[in-house]
Amino acid sequence: METTKAFVRFIFVVLLSAVLTAGLASAQEDEPKVYFEIERYSTGWITSDTNGDGHIDYALKLTDRLQKELEAMDFSHDGYMDNFYYYENDVLVRHELDTNGNQQVDLWVFMHRGVHVKGGERDTNHDGEADLFRSYE
Ligand SMILES: [Ca+2]
Ligand SMILES: [Ca+2]
Ligand SMILES: [Ca+2]
């Protein structure tokens, strides 16, 4: 009887750790990576020099199904990306901006159906942590 209980507990722990590991793995997969440094946009990215100054200022990543996944832009043309667009099923879900060009995102805009702003966060003192929150839901 005791061994059965111990065995059940053992199975439970194994299952729990499997669920936790799977959760962590999918969380990492769900968070695609963008970079500030333009030279890091290589394999898997479509890049473009939109203003023809010889420097890449736009990068696009497509999913396996050729839907938009990520876009990065260097609006300020200082050689560092500062606008990042995150898509799910080809629909914009989040827009992140580095408004002061310190290679740290300080404005996050969350979208509903790609067109309506449903909320935003700001890092007003540029310490890397959001300190101003807005929700329109
Ligand atoms: Ca350019
Ligand atoms: Ca820039
Ligand atoms: Ca910034």
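Two strands pair if DSSP finds at least two bridges between them. Keep that cut-off in mind for the exercises below. The model is predicted.

**Exercise 1. How do β6 and β7 pair, and over how many bridges?**

Solution. 
- Step 1. Locate the strands. β6 covers residues 107–112, and β7 covers residues 116–122.
- Step 2. Apply the cut-off of at least two bridges. Strands β6 and β7 have six bridges, and their pairing is antiparallel.
- Step 3. Pick one facing pair. Trp-108 is opposite Glu-121 of β7.
- Step 4. Look at the turn. Three residues lie between the strands of this hairpin, and Arg-113 has a positive phi near 55° there.

**Exercise 2. Which strand pairs with β7 over four bridges?**

Solution. 
- Step 1. Go to residues 132–135. This is strand β8.
- Step 2. Read the direction. β7 and β8 are antiparallel, with four bridges.
- Step 3. Find a facing pair. Gly-119 sits opposite Ser-135 in β8.

**Exercise 3. What is the order of strands in the open sheet?**

Solution. 
- Step 1. List the elements. The chain has one helix and eight strands. From the N terminus they run α-β-β-β-β-β-β-β-β.
- Step 2. Place the strands. The open sheet has eight strands in the order β1-β2-β3-β4-β5-β6-β7-β8, and the pairing is antiparallel.
- Step 3. Find the edges. β1 (46–48) and β8 each have a single partner strand, so each has one side without a neighbour in the sheet.
- Step 4. Recall the background. Strands of a sheet pair through backbone hydrogen bonds, in a parallel or an antiparallel way.

**Exercise 4. Where does Leu-66 lie, and why does Leu-66 count as exposed or buried?**

Solution. 
- Step 1. β2 (residues 58–62) and β3 (residues 68–73) form an antiparallel pair with five bridges. Ala-59 is opposite Ala-72 of β3.
- Step 2. Leu-66 is in the loop between β2 and β3.
- Step 3. Check the backbone. Leu-66 is not a glycine, yet its phi is positive, at about 60°. Most residues other than glycine have a negative phi.
- Step 4. Count neighbours. Leu-66 has 8 C-beta neighbours inside 10 Å, so Leu-66 counts as exposed.

**Exercise 5. What is the phi of Asn-89, and in which loop is Asn-89?**

Solution. 
- Step 1. Asn-89 is in the loop between β4 (83–88) and β5 (91–97).
- Step 2. Read the angle. Asn-89 has a positive phi near 55° and is a residue other than glycine.
- Step 3. Check exposure. There are 11 other C-beta atoms within 10 Å of Asn-89, so Asn-89 is exposed.

**Exercise 6. Which residues form the largest nonpolar core?**

Solution. 
- Step 1. Start with the chain. Of its 137 residues, 12% are buried.
- Step 2. Name the members. The largest nonpolar core has eight residues: Tyr-41, Tyr-58, Ala-59, Ala-72, Met-81, Phe-84, Tyr-85 and Tyr-87.
- Step 3. Ask where they come from. β2 and β4 are the elements that give two or more residues to this core. β4 gives the most, with three residues.
- Step 4. Zoom in on one member. Leaving aside neighbours within four places in sequence, Phe-84 is in contact with Val-34, Ala-72 and Glu-96.

**Exercise 7. What do Val-109 and Phe-36 touch?**

Solution. 
- Step 1. Val-109 is in strand β6. Val-109 has 18 C-beta neighbours inside 10 Å, so Val-109 counts as partly exposed.
- Step 2. List its contacts. Not counting residues up to four places away in sequence, Val-109 touches Arg-94, His-95, Val-117 and Gly-120.
- Step 3. Phe-36 is in the loop between α1 (2–30) and β1. Phe-36 has 18 C-beta neighbours inside 10 Å, so Phe-36 counts as partly exposed.
- Step 4. List its contacts. Not counting residues up to four places away in sequence, Phe-36 touches Tyr-80, Met-81 and Gln-103.
- Step 5. Look along the chain. Phe-36 and Gly-79 are 43 residues apart, and their C-alpha atoms are separated by 8.5 Å.

Technical notes. Residues numbered from 1 in each chain as written. Chains lettered and ligands numbered in written order. Predicted model: local features only at pLDDT ≥ 70, side-chain atom pairs only at ≥ 80, totals over all residues. Buried ≥ 20, exposed ≤ 12 C-beta atoms within 10 Å, placed from the backbone. Core = buried A, V, L, I, M, F, W, Y, C linked by C-beta atoms within 7 Å. Contact = placed C-beta atoms within 7 Å.
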